[in-house]
Amino acid sequence: MTDRDVFEYALLRVVPRVERGECFNAGVVVYCRARSFVAARTHLDEAKLAALDPAADVTGVRAALHAVEGVCAGGEAAGQAARDDAGRRFRWLIAPRSTVVQPGPVHTGLTADPEAEVERLLDLLVR
């Protein structure tokens, strides 16, 4: 049997008009402390975005989603968070905020492969 580790994840939600509260899933952030792993994958459904707000800034929303991926990746793409460990970057990304791209609640699970878990959750909950 393969060893499995606890992981945490949060969905990234797009809320085109914060005052209305309507949203849809556009990504997932996964963190596994035991493996010092954090990653995000995103998928923006432009048709859903246009349905909720025809005047939405698609380029801006896409940039915000890519920024989350960059923070997870670390290095220059993470900006000031580049010096932080995986756990600190995850906690920063899941902090509540009132912007167009918002994190959902944190959930937990067990996985033998956190990288595969990111893709599995993206397919299951976003696409």
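Start by selecting glutamate 8: threonine 108, in S4, stands opposite it. This is a predicted model.

Now widen the selection to the two strands. S1 and S4 form an antiparallel pair with nine bridges.

Next, show the whole sheet. It is open, has four strands, and reads S3-S2-S1-S4, with antiparallel pairing. Look at its edges: S3 and S4 (101-111) each pair on one side only. View the sheet end-on to see the twist, which averages 20 degrees from one strand to the next.

Then turn to H3, which lies across S1, S2, S3 and S4. H3 runs at about 155 degrees to S2.

Go inside now. Which residues of the largest nonpolar core touch the most other members? Select Val14, Val29, Val38, Leu44, Leu49, Val61 and Leu65, out of 24 residues in that core. Colour by element next: S1 (5-14), S2 (24-32), S3 (37-42), H2 (58-73) and H3 (86-94) each give two or more residues to this core. H2 provides the largest share, five residues.

Stop at leucine 65. Leaving aside residues up to four places away in sequence, leucine 65 touches Leu12, Ala26, Thr42, Leu44 and Val101.

How values were computed. Residues are numbered from 1 along each chain as its sequence is written. This is a predicted model: local features need pLDDT of at least 70, side-chain atom pairs count only at pLDDT 80 or more; totals for chains, interfaces and linings use all residues. Side-chain values use heavy atoms; hydrogens and water are left out. A nonpolar core is a set of buried Ala, Val, Leu, Ile, Met, Phe, Trp, Tyr and Cys residues joined through side-chain atoms within 4.5 Å. Buried means under 20% relative accessible area, exposed over 50%, partly exposed in between (1.4 Å probe, protein chains only). Contact means heavy atoms within 4.5 Å. Two strands pair if DSSP finds at least two bridges between them. Axes are lines fitted to C-alpha atoms, for helices over the stretch in contact, and angles run from 0 to 180 degrees between N-to-C directions.
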